[in-house]
Amino acid sequence: MDRDTIIEPFRIKSVEPIRMTDRAERERLIREANYNLFNLHADDVIIDLLTDSGTSAMSAAQWAGLMQGDESYAGSPSYFRFEEAVKDLMPFEHIIPTHQGRAAERILMGIVADPDAKIPSNTHFDTTRANIESTGAEAVDLVIEEGLDPDLEHPFKGNIDLDRLETLLEDEGENVPIVMLTITNNSGGGQPVSLENIRGAAALCEEHDVPFILDACRFAENAYFIKQREDGYGDHSVKEIVREIFSHADGMTMSAKKDALVNIGGWLALDDDDWAREARNQLILTEGFPTYGGLAGRDLEAIAVGLQEIVDEDYLEYRMASTRYLGEALTDLGVPIVTPVGGHAVYVNAKALLPHIPPLEYPGQALAVALYTTGGIRGVEIGSVMFGQQPDGSEEPARMELVRLAIPRRVYTQSHVDYVIECFEEVYDRREELTGFEITEEPPQLRHFTAHFQPLEPDAVHRETSVPEEVARAS
Ligand code: F0G
């Protein structure tokens, strides 16, 4: 019998206490953190939605797996169990463990990129972009138009624009060493990519003889969206869909901190023997011997078990339902969000919620700080604080002003989410009182991690548009 309530398909065996704080205490703590949520002690956060990366709760089977960890420097059986678990889903020739996703990216870019290279993707995640740019190469984002509109409904807003990809390959194919695709498209709102689009990109790559590499951090969530939304896949198991996805690629980079349900780890997988040889040589320089990468044997065991658990469809149903639950409740309150809701996070459109705060007074930061002072909730600004700083020191508004509420896997229950929704209601009611921020101190790049902020006085704030009208339009 179908029921409306989708339960967490697990019981809780081990708990971590949450330290409760009150508003006055949080106002002091955020002031002392210079209004930068990265500066807070995590103990002072009640619900931490900063990231879904490395924050998963491990299962009893994973904890048991840790005890099987073999810490031999070379040839550890844990490596072979890890390799087998990866190949069960992603049948690549060479599986090279790394300490996390960006290490795999750095090694790959060190092999394929040079200052003439252009590397396209739907949207490169910021560490991928930085690893490409650090070689002098250019990172090119080619997500479909629909993926750039926060309000538009489209089942696969993470798709790459195949026409623009074809043009790039035809005009400058000799400078394109690889084509990438991020599944799901994190920087574009956690939106999935369809199998049709994956097949299309793979066919173009084959035609132009360019290897096709997936940034596959959230592959299981992407596969579940395909099962739910793509014609012809409703009857396929998620595991079959996962295998089909990877059958079209020549390699992958992976952050195991997402869809391998562990707190640390990653890998680079490749079919090409020469690239794999070079990658392993690089790995030895900076990560470790090829049977452990930057990891302990026990970490490899936890990944091997996590990969079996992540394709469980009861888990994925609950995972998607819990993210959607938060997104739909915020929409019901009138809070504008990026739609449809992605797999791992809800992205709130702070520009539409706080139209009286101009982009360079950081509406996303204002909302993130208000969520913390109201309920001890930590999200992350993805807007002009994160992307506004230009290499020449000037400042430009970002395309969107968002606050990402990322949901750690298997960590919070529905009442935690209900609490978040209640706090949002309070923030929504007070939205016209929120003021912008100025940056009083910042490093030359990646300023969002360490910048200091100061709230602007209400009388310094531009009040250009009336809030209700703007919000009504956006929601
Ligand atoms: N690719 C994507 C799509 C990611 O989301 C991340 C990390 C990485 C690569 C890098 O992996 O952190 O293991 O080095 N995303 C995290 C986040 C940090 O919060 O979205 P890593």
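Trainee: What makes the 30 Å between the end C-alpha atoms of helix α12 agree with its 21 residues?

Mentor: This is a predicted model, and here's the check. At 1.5 Å a residue, helix α12 (residues 313-333) should span 30 Å, and its end C-alpha atoms are 30 Å apart, so the two agree. The expected span takes 1.5 Å times one less than the number of residues.

Trainee: What makes D312 a cap for α12?

Mentor: A side-chain oxygen of D312 sits 3.0 Å from the backbone nitrogen of D314, at the N-terminal end of α12. The cut-off for a polar contact is within 3.5 Å, so 3.0 Å passes. Just after α12, G334 has a positive phi of about 100 degrees.

Trainee: Which elements do the buried residues of α12 pack against?

Mentor: Among them are α8 (219-229), α11 (297-310) and α16 (414-429), plus the strands β9 (345-349) and β12 (402-406). The buried residues include Y315, R319, L326 and L330. Buried means under 20% relative accessible area.

Trainee: How many residues of each class are in the shell around the ligand?

Mentor: There are 8 polar, 7 charged and 2 nonpolar residues. Helix α4 (residues 101-112) gives the largest share of the shell, 3 residues.

Methods
Residues are numbered from 1 along each chain as its sequence is written. This is a predicted model: local features need pLDDT of at least 70, side-chain atom pairs count only at pLDDT 80 or more; totals for chains, interfaces and linings use all residues. Side-chain values use heavy atoms; hydrogens and water are left out. Helices (H or I, at least four residues) and strands (E, at least two) are DSSP runs, numbered from the N terminus. Ala, Val, Leu, Ile, Met, Phe, Trp, Tyr, Cys and Pro count as nonpolar, Asp, Glu, Lys and Arg as charged, and the others, Gly among them, as polar. Buried means under 20% relative accessible area, exposed over 50%, partly exposed in between (1.4 Å probe, protein chains only). Contact means heavy atoms within 4.5 Å. A polar contact is a pair of N or O atoms within 3.5 Å; within protein, one must be able to donate a hydrogen and the other to accept it, and residues adjacent in sequence count only if both atoms are side-chain atoms.
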